[in-house]
Amino acid sequence: MAGIDASPWLARRAATRTSLGARVQVASALALPYADASLDVAYSLFSVKHWPERRRGLAECARVVRPGGHVLVADIDASSDLARWLAFVALTRLPRLLRRPYAAATLLPVVRRSMDPDALRRDAQGVGLGDLAVDADARLAVTWIIGTVPRR
């Protein structure tokens with residue numbers, strides 16, 4: 001098991017919190033430090049909104065996954081309204097009294113800079129993924145893509 005984060009502080013924190021002995025490195029999603037076809041699965045949870053080039057990051061994920069392996073990317077759905085975003089925020093450890101003010105204050109700077117299913121589908125075209133499934137949760141502010149690296 002391996003992991004990356006662009007932030008040295010977050011990479012160190014992740015390395016100390018994993019119970020699976022994952023090796024966590026400081027790296028960019030746009031230049032993954034893994035050999036071609038060396039992983040069974042690549043996944044990104046709630047970080048794609050920070051990638052300067054989503055298409056390039058998705059291509060990198062596809063590059064490092066073996067044929068028949070999968071790429072999963074999930075993030076906040078940019079098309080979410082306040083109610084969906086608040087439903088997501090309610091799942092966090094944020095104290096109940098702070099949830100609504102937090103959701104209102106972060107709707108534009110966090111949610112709107114994320115991705116919606118249509119944008120993600122466009123970004124995933126031609127990056128080396130097949131059998132694409134792109135969807136969004138109807139209740140929560142989450143969208144995702146699952147793709148399979150085709151067998152050669």
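Helices α2 and α5 lie oblique to each other. The model is predicted, so its geometry should be read as that of a prediction. Two packed helices are described by the angle between their axes and the distance between the axes. For α2 (residues 54–64) and α5 (residues 117–124), the axes cross at roughly 60°. They come within 8 Å of each other. The crossing of α2 past α5 is right-handed.

Now look at the side chains between this pair. On the α2 side, the contact is made by Arg54, Arg55 and Leu58. On the α5 side stand Ala119, Leu120, Arg122, Asp123 and Ala124. By class, the contact of α2 with α5 holds four nonpolar residues and four charged ones, with no polar residue.

Leaving aside residues up to four places away in sequence, Asp123 touches Arg54, Arg55 and Leu58. Asp123 has a relative accessibility of 17%. The cut-off for buried is under 20%, so Asp123 counts as buried.

A second pair of helices packs elsewhere in the chain. Helix α3 covers residues 82–89 and helix α4 covers residues 96–111. Their axes are 9 Å apart, at an angle of about 115°. The two helices are therefore roughly perpendicular to each other. Here too the crossing is right-handed, with α3 passing α4. From α3 come Leu82, Trp85, Leu86 and Val89. They meet a list of residues in α4: Arg99, Arg100, Tyr102, Ala103, Ala104, Thr106, Leu107, Val110 and Val111. The contact of α3 with α4 divides into ten nonpolar residues, one polar and two charged.

Turn next to the charged pairs. How many salt bridges does a search of the whole structure find? The search finds nine. One of them joins Arg66 and Asp40, with the closest N and O atoms 2.6 Å apart. This pair links distant parts of the chain. Arg66 sits in strand β4 (residues 65–76) and Asp40 in strand β3 (residues 39–45), 26 residues apart. Both partners are partly exposed: Arg66 has a relative accessibility of 31%, and Asp40 has a relative accessible area of 48%.

Lys49 and Asp75 form another salt bridge, at 2.8 Å from N to O. Lys49 is in the loop between β3 and α2, while Asp75 is in strand β4, so the bridge ties together parts that are 26 residues apart in sequence. Are these two residues buried or exposed? Lys49 is buried, and Asp75 is buried as well.

The bridge between Arg139 and Asp137 spans 3.4 Å, N to O. Its two ends contrast in accessibility. Arg139 is exposed, with a relative accessible area of 62%. Asp137 is buried, at 17%. Salt bridges also link Asp36, Glu60 and Arg63 into a network.

The backbone has its own points to check. Most residues other than glycine have a negative phi, and most peptide bonds are trans. Which way does phi of Ala37 go, positive or negative? The angle is positive, near 55°. Ala37 belongs to the loop between β2 (23–26) and β3. With a relative accessibility of 36%, Ala37 is partly exposed.

Asp131 also has a positive phi, near 50°. This residue lies in strand β5 (residues 130–136). Asp131 is exposed, with a relative accessible area of 68%.

End with helix α1 (residues 8–17), which holds Leu10. Leu10 is partly exposed, at a relative accessible area of 37%. Along the chain, Leu10 and Val24 are 14 residues apart. Their C-alpha atoms are separated by 9.5 Å.

How values were computed
Residues numbered from 1 in each chain as written. Predicted model: local features only at pLDDT ≥ 70, side-chain atom pairs only at ≥ 80, totals over all residues. Heavy atoms only, no water. Axes fitted to C-alpha atoms, helices over the stretch in contact; angles between N-to-C directions. Helix = DSSP H or I, 4+ residues; strand = E, 2+ residues; numbered from the N terminus. Parallel < 35°, antiparallel > 145°, perpendicular 65-115°, else oblique. Left-handed = near helix turned anticlockwise from the far one by under 90°. Contact = heavy atoms within 4.5 Å. Nonpolar A, V, L, I, M, F, W, Y, C, P; charged D, E, K, R; others polar. Salt bridge = Lys/Arg side-chain N within 4 Å of Asp/Glu carboxyl O. Buried < 20%, exposed > 50% of the residue type's maximum accessible area, 1.4 Å probe, protein only.
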